[in-house]
Amino acid sequence: MTGLAVYEEIDEIIGKHQEEKTPLLSILQEIQERWRYLPGDVLGYVSRKLDIPSSMVWGVATFYSFLKTEPAGEYVIRVCCNAPCHVNGSVDVLKTLQKELGIKEGETSRDGKFTLETTSCLGVCGVAPAMMINDVTYGNLSEDRIREILALYR
Amino acid sequence: MAKIVEEMKEGTGQKKLVTIYLDGREVKVPEGVSILEACNMEGIKIPTLCYFEGLTPWGGCRICMVEVEGQPNLVASCVTDVREGMKIKTSSKKVREARKTNLELLLSNHPLDCQLCDRNGSCELQDLSYQFGVREIRFPGEKKTYEVDRSSPSIKRDANRCILCGRCIRACQEIQAVFAIDFANRGFDSLVSPSLGLPLGESVCVNCGQCILACPTGALSEVSHVEMVWEALEDPEKFVILQTAPAIRVSIGEPFGLPPGTVTTGKMVAAFRRLGFDRVFDTNFAADLTIIEEGTEFINRLQKGGKLPLITSCSPGWIKFMEHFYPELMENVSTCKSPQQMFGAVAKTYYAQKLGIDPQDMVVVSIMPCTAKKFECQREEMKSSGCQDVDYSLTTREAARMLKEKGIDLREMPEEEFDDPLGISTGAAAVFGATGGVMEAALRSVYEIVSGKTLESLDFYDVRGMEGVKEATVNIDGLEVGVAVAHSLGNARKILDQIKEGNSKYHFIEIMACPGGCIGGGGQPIPTDLDIRMKRIEAIYQVDKNLSLRKSHENPAIKQLYEEFLGEPNGEKAHQLLHTHYLPREKM
């Protein structure tokens, strides 16, 4: 991902957070929001700009499941796989999504629309099993409800 | 460790003491030390994995757990400081069971093929498994299936054997300030990785190998040249020449059970002769040559207003570091090749011609305390003889293994001499192996050449020792010459930044990538700790003291080399064979 305009935008994002005590995570989050993933050359650029070793930037970028280092689909579906969701059927949720989207965990649909992932606790155990599609959280998932939800995005 | 403990005990005069109870025994230890350090002072060696002398304690492996009265859980002794009145149980049943269980959990995803591992016999995980009486795998877990990273010319990375103790990372960051690796991913997928998940060979790794010395298991080891060397030795068509670095003679005894700091020059020569080398020569010869070339370069820059400070170029880890992180200082770095490469270039030209041998039929093998030398000998610039000047570079560890494979016990060897003429050297070359050595050797020659006077004392104590950055001023013919010595790249950064900011007060700087200099190099026997480094350094100066010739410019073989072949120091032929250039590399 190159081009002057892109780096101008990134400079702007960095500028916004530079004064923070630990600006890296906010910057990565905002870049991710803007381009849906963190391209390698952008990580290198951020590393140089913040004077943080790029191995460390890479460590942060790969630690958080909400940060992505590979291009993702328009909608990233994250299925919670922690204990409460697990006992309430998150395995079936994942199966249904795989069947409906025709992709496996970690893959992106051919039309570039959906990426399917698992994630740690979303903090909504009361409505387990749960998933997120981009910023929206959905709970009490059943096969039918999943189909209805997907229809909103297709 | 022992040294640190000693220093701490010496320092206890000023420090407040606290009373603690170790397994019921009342002891007084300095305030502010960790339980682990306190135990060490009292002769109790707590088992550890992620703890490594000289690095920030991390508390990640949970092997050093101890019981502290009043605390509900066991504590990691490496990251818990002592407090007044603390009652500590260092090996209660609870402690032993916890340690063993934690170890067993580490083993649950560890390959159980110790026989096939580079660290078989020197692995801390293996040792602890034995000590803790692990005789079965209680928790057979999912294994990792990473491909072994062989992309680097120096360092092999097998993430399957990694226990994620982070010692390599801390060595790379805290000692070397290179930051080539860090933890990536999380959970079961956690991994020590270069940036962007790149292979190590494409990263900013400078090949120093300090990570190998820090690694408790076989996750990191050198890329082996052993098989290639065996093959060359077997080949009747090849004339195989050996050069041994200054630091090898004071460390190769260790794998044979000799105490650190034993000088084994004669035995080492005999052993390698028996291994089948056609000539056993000495890198020290080339170290003397380096001093003549680099000394001349320094004098020229000093007298003709060239770029100063001049920085030494013997350490290939430092050179790659400079190419990545300080390319703007490239012109400050001496154009001299390292002794290893000068040796190769001279062997395959001057010596090959002397013997009437085609350099193509000559194989030059080096034994180095270094992993970066493997990278260096493969650099494109290192083909002055028309072919690769140094073919293979073995670490001290690999060389010891070859001797053992052949059934040669170094201890039983007679004392023999290096071959002539590339085996003749002086004490100035000997001290190259220790931090400050190149500077001292250079000063001995530069002083006498410039002033025309004889030095009263050859010993420049100011540049010796384990202090991170050392400095001295030497009056050479009326000029106050400021010199500095840095070892480990973290220390190097300090004086490099001064140059960058334009406020360096030095004329001449020695930089060695590894702590202690070459004697503490990444290719040295494991373990290599502060104590052992200091013993090897003592031995280096002992070698120097025992030699009759102690100044490079008095080496008769070097004089002959210039007369018969090279012409003038820094002359055209010298430049073509003994000097090199550098290239900026990406900072990623």
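Modeller: One definition to start: angles under 35 degrees count as roughly parallel, over 145 as roughly antiparallel, 65 to 115 as roughly perpendicular and the rest as oblique. This is a predicted model, so local features need pLDDT of at least 70, side-chain atom pairs count only at pLDDT 80 or more, and totals for chains, interfaces and linings use all residues. Residues are numbered from 1 along each chain as its sequence is written, and chains are lettered from A in the order in which they are written.

Biologist: At what angle do the axes of α3(A) and α4(A) cross?

Modeller: Roughly 125 degrees, and the axes come within 9 Å. Axes are lines fitted to C-alpha atoms, for helices over the stretch in contact, with angles from 0 to 180 degrees between N-to-C directions. The two helices are therefore oblique to each other. Helices here are DSSP runs (H or I, at least four residues), numbered from the N terminus.

Biologist: Which residues of α3(A) and α4(A) meet?

Modeller: Leu43(A), Gly44(A), Val46(A) and Ser47(A) in α3(A) meet Ser54(A), Val57(A), Trp58(A) and Ala61(A) in α4(A). Contact needs C-beta atoms, placed from the backbone, within 7 Å. That set holds 5 nonpolar, 3 polar and no charged residues. Ala, Val, Leu, Ile, Met, Phe, Trp, Tyr, Cys and Pro count as nonpolar, Asp, Glu, Lys and Arg as charged, the others, Gly among them, as polar.

Biologist: New topic. How many residues of chain A are in contact with chain B?

Modeller: 12, against 14 residues of chain B. On the chain A side, α3 (40-50) and α4 (54-63) each give two or more. α4(A) gives the most, with 7 residues.

Definitions and conventions. Two residues are in contact if their C-beta atoms, placed from the backbone, lie within 7 Å.
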